[in-house]
Amino acid sequence: MTNTLQRLSEHTCFGGVQRFYQHDSAVIGLPMRFSVFLPPAALAHDAAKVPALMYLAGLTCNEETFPTKAGAQRRAAELGIALIAPDTSPRGAGIAGEIGSWDFGVAASFYLDATVPPWSKRYRMETYLTTELVSLVATQLPIDVTRLGLFGHSMGGHGALTLALRHRDLFQSLSAFAPICAPTMCPWGQKAFDGYLGPDSTKWAAHDASALMSGCSGAPYPDGILIDQGLADKFLSTQLHPEHFDAACQNVGQPLLMRRHAGYDHGYYFISTFINDHLEHHARTLCHS
């Protein structure tokens with residue numbers, strides 16, 4: 001397989017461009033898709049590379065969800081930040097119960113490398129995101145991956161927290177919307193971890209944000225972590241458990257701004273309301289480093 005990017009579409013947006021790509025992934029062994037918004041600052045012939053934010057979407061989403069629903073491009077254009085949104089999972093792996101061919105099915109990756117067959121052959125999203133995709137955007141797009149932030153929503157919020165904590169040298173800033181904060185303690189996480197990592201639950205903590213933070217000897221993100229959570233979110237008490245991550249941050253001295261919002265649910269109306277705050281949170285680190 002080659003790692004040449006195939007541009008599927010491009011749309012002018014707030015003086016920048018919103019693009020959608022596909023490429024043959026050597027890590028996954030299948031075609032993968034992602035989207036990129038390039039701000040005006042990245043488009044000049046002699047422009048310097050721009051910082052970027054990688055956004056990880058939730059269970060029922062793909063690479064189109066964030067750029068079409070979050071409303072992030074206007075402020076990203078003003079800040080001069082690129083936005084990268086990968087698909088959530090491999091597609092077409094030929095495994096019973098997987099996500100279908102570019103459509104939602106019953107399994108999603110949880111942004112980890114599966115260790116149990118048949119998932120372990122293709123479901124290697126952690127390695128894909130932190131090595132192959134980062135390398136692709138660094139070498140083929142005007143993006144400076146030494147100034148890279150990570151954020152996400154729901155399952156993608158779990159992915160953002162865990163990948164940032166597992167790859168602190170790669171991601172300089174971190175935030176999340178309604179993340180699954182303690183997947184070892186909720187039905188979504190337990191089902192996914194049992195399938196992808198096997199029934200030995202002692203191996204699951206390595207992919208649990210609250211457990212990872214508890215294992216830190218100090219603050220991994222001294223500039224702070226931002227989390228927004230809607231109090232009308234129907235998954236709050238059964239699946240998300242932000243209180244565990246909050247407590248873990250307090251125990252290790254990690255600055256955390258955990259904002260709880262009355263009336264807001266789990267969807268993109270909530271995300272679009274507070275997206276600019278997240279972009280500005282990341283810009284304070286990425287645009288001045």
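The largest cavity has a volume of about 30 Å³. This is a predicted model, in which local features need pLDDT of at least 70 and side-chain atom pairs count only at pLDDT 80 or more, while totals for chains, interfaces and linings use all residues. Residues are numbered from 1 along each chain as its sequence is written, and side-chain values use heavy atoms, with hydrogens and water left out.

**Exercise 1.** Find which residues line the largest cavity, and sort them by type.

*Solution.* 
Step 1. On a 1 Å grid over the protein atoms alone, a cavity is a set of points where a 1.4 Å probe fits but cannot get out; lining residues have an atom within 4 Å of a point. Grid points are joined across faces, edges and corners, and a volume is the space filled by probe spheres set on the points. A search of the whole structure finds one cavity of 30 Å³ or more.
Step 2. The lining consists of Gln 18, Ser 35, Phe 37, Phe 66, Pro 67, Gln 73, Leu 83 and Ala 85. Strand 3 (31-38), helix 1 and strand 5 each give two or more residues to this lining. Helices (H or I, at least four residues) and strands (E, at least two) are DSSP runs, numbered from the N terminus.
Step 3. Ala, Val, Leu, Ile, Met, Phe, Trp, Tyr, Cys and Pro count as nonpolar, Asp, Glu, Lys and Arg as charged, and the others, Gly among them, as polar. The lining of the largest cavity then has five nonpolar, three polar and no charged residues.

**Exercise 2.** Describe the second largest pocket by volume and lining.

*Solution.* 
Step 1. A pocket is an open set of grid points with protein on both sides within 12 Å along at least five of seven lines. The second largest pocket holds about 280 Å³ of space.
Step 2. Its lining has 14 residues, of which Thr 60, Cys 61, His 153, His 266 and Tyr 268 lie nearest the centre. Helix 1 (65-69) and helix 9 (268-286) are the elements that give two or more residues to this lining.
Step 3. By type, the lining of this pocket has six nonpolar, seven polar and one charged.

**Exercise 3.** Is strand 8 enclosed or open, and is Gly 263 buried or exposed?

*Solution.* 
Step 1. Buried means under 20% relative accessible area, exposed over 50%, and partly exposed in between (1.4 Å probe, protein chains only).
Step 2. Six of the six residues of strand 8 (residues 225-230) are buried, so the strand is largely enclosed by the rest of the structure. Ile 225, Ile 227 and Gln 229 are on one side, and Leu 226, Asp 228 and Gly 230 on the other.
Step 3. Gly 263 lies in the loop between strand 9 and helix 9 and, at 68% relative accessibility, counts as exposed. The C-alpha atoms of Gly 263 and Gly 230 are separated by 6.7 Å.
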